There are 2 protein chains.
Amino acid sequence: MDSKLNELKHRLQEIADLGAASSILYWDMSTYMPPGGAASRGRQLGLLARLLHERFTDPAVGHLLDDLQAYGESLPYDSDDAALLRKTRRDYERQTRLPNEFVKALTEHTSAIYSLWEQARPANDFGMVRDALEKTLDYSRQYADFFPGYESIIDPLINDADYGMKATDVRAVFAQLREQLVPLVRAIAAQPPADESPVKQHYPEAGQRAFGETIIRAYGYDFTRGRQDKTAHPFATSFGHGDVRITTRFREDDLTDGLFSTLHESGHAMYEQGIAPELDATPLYGGTSAGVHESQSRLWENIVGRSRGFWEHWYPALQAAFPAQLGTVSLDAFYRAINMVMPSLIRTDADEVTYNLHVMLRFDLEMDMLEGRLAIKDLPEAWNARYTADMGVTPPNDKDGVLQDVHWYSGLIGGAFQGYTLGNILSAQFYERALAAHPEIPTEIAQGKFDTLRGWLTDNLYVHGSKYTAPELIARVTGGGLDVQPLVNYLRTKYGELYRLD
Amino acid sequence: MDSKLNELKHRLQEIADLGAASSILYWDMSTYMPPGGAASRGRQLGLLARLLHERFTDPAVGHLLDDLQAYGESLPYDSDDAALLRKTRRDYERQTRLPNEFVKALTEHTSAIYSLWEQARPANDFGMVRDALEKTLDYSRQYADFFPGYESIIDPLINDADYGMKATDVRAVFAQLREQLVPLVRAIAAQPPADESPVKQHYPEAGQRAFGETIIRAYGYDFTRGRQDKTAHPFATSFGHGDVRITTRFREDDLTDGLFSTLHESGHAMYEQGIAPELDATPLYGGTSAGVHESQSRLWENIVGRSRGFWEHWYPALQAAFPAQLGTVSLDAFYRAINMVMPSLIRTDADEVTYNLHVMLRFDLEMDMLEGRLAIKDLPEAWNARYTADMGVTPPNDKDGVLQDVHWYSGLIGGAFQGYTLGNILSAQFYERALAAHPEIPTEIAQGKFDTLRGWLTDNLYVHGSKYTAPELIARVTGGGLDVQPLVNYLRTKYGELYRLD
C-alpha cells in the first residue's frame, strides 16, 4: 500500500503545484499585470486549469483511489492519510463529472466576462455584460446537470464551496436569521442615526497601510510567509504553507474601507497560514469550506476588529497616526462611527446587522435565475426592486446595483454568496466556544494581545485544513450544527448597547 | 497540411503559455515572493520545466514536423510558416537529445545551487558552493555530450544561446577585439583619471526611479504592455507580446547603477515589445540570440544613454530632479563621470572600454574548466590571478571575485558569457547601419527624440523575433558577419575625445 499511497501523494503534489502556479498567475493579474497582458493571461490560466483537471481526473488516480479504499477505511478516522483518501475521493468524484472541454470553455468564458465587467462597471453599462451573463447562467445550469439527482439546481454549486450544505439547509438558516434580523434593523432605524463623519475624512494611503499592517502583525499574520499588495477587489490567496498573501485597496476619503478589508483578509490568511505544514501541497491544504473560511475573516474583521475592547487598546495609536483627523474625536464617537448601522446599496460596505440581508437577496435572485423565473435581461430591475423592498433604498444605477459584485462576472451563478452569511453565523458560534474555553480573551484583546484567541482557533480549526468537512468540523468544535442564535445574541447585545435599544 | 500545421501551432501555443507561466513564477520569485515561498517555488518551477520539456519533446511533435518538412521547404524562405518550421525543428532536435530525467535533475540542482549562492556570496564563502559547482561542471559536460561530434566541448552550450556560433568563432573575434582594446585601455590609464564624485552622492530612490522611467517612456518602452519593479539582479522578461517587464535596483549612493540598469533592461524589453504580434506564443516570439538581445540593451544603455548628445537634452531635467546634487555640476563634468574608464573588479559596474575584458577572462576560465585544465577548487585562485594580469587589480575576496556573477550558480558553465561581448560588438554594427540609413539620428537624440532610431531597429531587427538566426539577421542588416571594427571605432572616437588621446 505504501508505494501506491506514495504514488498518489506524488501526483497530488504535482496537482497542488499546478494549482499554486495558477493562483500566482491570478494574483499577478489582479495586482501588477499591465493592461496588455490580459489576453494571454486568460489563455495561460485556461491552460493551467485544463492541465490541472486532466491530471486530477486521470483514470490512474481513480485506480489508485480504488486500490487504497480499503486501506483508508482501515486507518483511524482522524489520521491524515484517512482524511486525505476521503477528501481526494470526494474531489475526484466531482471533478470526473466535468468534461475537459467544459472546464476549458468555462475558464475561457470566465476570463472574457471578467474583462467585460471590468469595463462595464465603471461605464455603468449592464448591456455590456448581458449576453455574456446569459452564457454564465447557461454554464451554471450545465454544471449542475453534471450532477443529476439534485434536490435543487443550486445544490451542486453550493456543494462545491460549502460541502454538505443544500438549498433547503441554507434557506432554513437564512429564514431563522432573517426573522430575528429584520426587527433589529427596524429598531435601530427608529433611533437617531450614528455619525460616521470621523471616518469620512481625508486619510492618506501610506498611513492607512502602515496602521493596518501593524494590527495584522499583532494579530499574528506572518509577513515572512506572506505580503500585502493593492488590488481593485481584495482577496487572500495561498500558494502553499510558506506563501499566503493578502490584497487590499484604500480609499483616502474613508478610513474603514482599507482598514477593515485588511483585517478581513488577514483572517482568511491566518487560517491558511495556520494549517499543519505536513498537509502542504495535498488536497487537505486549504480551508475546509467557504463558510468556515469566511467565519475567520469576519471574526477578525468584526467580532475582534470592530469591538470596543479592541479600540480601547488601539485607538490611541490610530489617533497618533492621524492626529489632525482624530485628535479630538472621542473613542466612543469613533466606535459608533465604525459600527454605524444603515441600510445601504453596497454589500461590501454594509454594517454587520444589514450585511446578511444583502446576501439573502442575492441568494434568492440566484435561485430565481437558475430555476428560470428570472431572465438575465430582467435582472437589473429585479435587483433594484428587491433593494427597495428589503433596504428601503433604490440603486440609482447598475454600477452600484447589479454590477457591484465580481462573483457572477468571474464564475458561476450560484454557490458563492451563501458562504458569506454562513461565515457570519459561524464566526459567532466559534467565538462563543473560544470564550467558553478562555474567558480571558476579551480582556486580552483590550490589551492588544491576540495569542490566546489565535492559538485556540489554530488548534481547533486552522491546523486541520480540510481534514474534516465543514459539518464535521462544526460538530467537533461546537458539539452541534449551524446555529444562528450566537450571531443574533452578539448583534443584539452589541447594537442594543450602541443604539440604546429595549 | 493546414490541419497538421494548425495542430502543431496549437501545441506550440500551449508550450509558449507554459513557458510564460514559468516566467511569471520566476518574475514573482525575484520581485515580491516572501522568504517562506522559496521551497515550494523551486518545486513549482521544476514541475513547469518538466511539463514544458515533456510536451515539446512529445514524439507527436516530431511526427508533425516530419509530415510538414516538405511543405515548409516549399514555402518562401522568408515566410512566417517556413521560419516557424525551421526554428521548431531546430529546437526539437536539441530538446529531444536531453533525457527528461536530466532536465529534471538539472532544474532541481539549479534551484539548489542558486539558494546556496544567495547565502555564499554575502558570506564571502566559496566553500559553500564548491561541491555544488563541481556538479554543475559535471552537468555542463554531460549536456555537451548529448551533442556528440562537437569541435569544442563548449560549442553545444554556446549554440543554445548564440545559435550558429562556435568556440573558434568566439575566440577569433575576441582576439581581434582584445588586440585593439588593450592599447586603448593603456592609453586611457596614462591620462589623468576622470572624477566620478558627481554620481556618487546621495540620490533618493524615488527620484531615480521617476527619472529613469521618464527616459524609457521617451525611448518608447510601452508601459501599457510592461512595468518596472525592483529586484536584486535586474532582468527583462517577456510573458508574451502584451506583457514585457523589466526589473531594476537602486543604490542611493550611486546614480548610475539604477539609471543605466533601467536603460539597459528597457533595450531588451523594447526588442521583445517590437516583435510582430502575429508571432506571439510561437517559438519565433523572442529575441533570436543572446548576442543580438544584448546588442539592444547595450545600444540603448551605452551608445544612446551614455552619449553626449543624449545628455545635452536630458541633463537639465536631471539637474532639476536633483538640484542639490547636480545644480552646480557642469554637463561636461557629468558626462565624464558617467563615462569614467577604470579597470575594476565587478563586471556589471565596468565601463564600456574595459567591460569586454571581464567577459573574455570568464570565457577562458569556462574553457579551462570544461576542458579539464582547471579544477573547481582552484577556480578562485585562477580568477584572482587573471584579474591581476588583465586589470591590474586583485580581488580582495571571493564575494567581489568568483562569486560576483549569478550565471555559474544558476545554470551551466559555458554559453552565457560570450553573448555579452557579442552584444557589444553588434550594438556598434547595428548603430552604424542605422546611422547610414538615417544620418539625422544623432541630432534627434540631442533633441530627446528616439522614434527614428527605434523605428529603424523595429523594422530591421525587432519585428522579426526569431524568424532569422543571428547570423542570418546580421547578414540581412549589415551585409556581412560579426565585425569588431565599428565597436573599436566607436570606442576610440568617444574615449579619444574624452581622454584627449593622440
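Predicted model: local features only at pLDDT ≥ 70, side-chain atom pairs only at ≥ 80, totals over all residues.
Two strands pair if DSSP finds at least two bridges between them.

Residues are numbered from 1 along each chain as its sequence is written, and chains are lettered from A, with ligands numbered from 1, in the order in which they are written.

Let's start in chain B, with the sheet. It is an open sheet of three strands, in the order 1-3-2, with mixed pairing. What joins strand 1 to strand 3 in chain B? Three bridges do, and strand 1 (residues 228-230) and strand 3 run parallel. One pair to look at: B:Asp229 stands opposite B:Thr247 in strand 3 of chain B.

Now strand 2 of chain B, residues 236-238. Three bridges join strand 2 to strand 3 of chain B as well, but these two strands run antiparallel. Find B:Ala236; B:Ile246 in strand 3 of chain B stands opposite. Then find B:Ser238, whose bridge partner in strand 3 of chain B is B:Val244. The hairpin of strand 2 and strand 3 of chain B has five residues between the strands. There, B:Gly240 takes a positive phi near 125°.

What about the edges? Strand 1 and strand 2 of chain B stand there, each with a single partner strand, so one side of each has no neighbour in the sheet.

Is strand 3 of chain B buried or exposed? A residue is buried if 20 or more other C-beta atoms lie within 10 Å of its own, exposed if 12 or fewer, and partly exposed in between, with C-beta atoms placed from the backbone. Five of the five residues of strand 3 (residues 244-248) of chain B are buried, so this strand is largely enclosed by the rest of the structure. In a regular strand the side chains alternate between the two faces of the sheet. Here, B:Val244, B:Ile246 and B:Thr248 point one way from strand 3 of chain B, while B:Arg245 and B:Thr247 point the other way.

Next, helices against that sheet. Two terms first. Residues are in contact if their C-beta atoms, placed from the backbone, lie within 7 Å. Axes are lines fitted to C-alpha atoms, for helices over the stretch in contact, and angles run from 0 to 180 degrees between N-to-C directions. Helix 1 (residues 2-31) of chain B lies across strand 1, strand 2 and strand 3 of chain B, at about 20° to strand 3. Helix 10 (residues 255-273) of chain B packs on the sheet too, touching strand 1, strand 2 and strand 3, and its direction makes about 165° with that of strand 3 of chain B.

Away from the sheet, look at one helix pair. Helix 17 (residues 418-437) and helix 20 (residues 470-478) of chain B pack at about 35°, with axes 10 Å apart. Helix 17 of chain B brings B:Leu426, B:Gln429, B:Phe430 and B:Arg433 to the contact. Helix 20 of chain B brings B:Ile474, B:Val477 and B:Thr478.

Zoom out to chain A. It has 21 helices and three strands. Its C-alpha trace spans about 70 × 50 × 45 Å along the principal axes. Of its 502 residues, 45% count as buried.

Finally, the two chains together. How many residues of chain A are in contact with chain B? The count is 30, and they meet 30 residues of chain B. Helix 1 (2-31) and helix 2 (38-56) of chain A each supply at least two residues of that side. Helix 1 of chain A gives the most, with eight residues.

How do the copies relate? Copies are superposed by least squares on the C-alpha atoms of residues with pLDDT of at least 70 in both. A rotation of 179° with 0.2 Å of shift along its axis superposes chain A on chain B, with RMSD 0.2 Å. That is the relation of a two-fold axis. In chain A, the C-alpha nearest the axis belongs to A:Ala21, 3.7 Å from it. The same surface serves both copies: 100% of the contact residues of chain A recur in chain B.

Technical notes:
Contact = placed C-beta atoms within 7 Å. Helix = DSSP H or I, 4+ residues; strand = E, 2+ residues; numbered from the N terminus.
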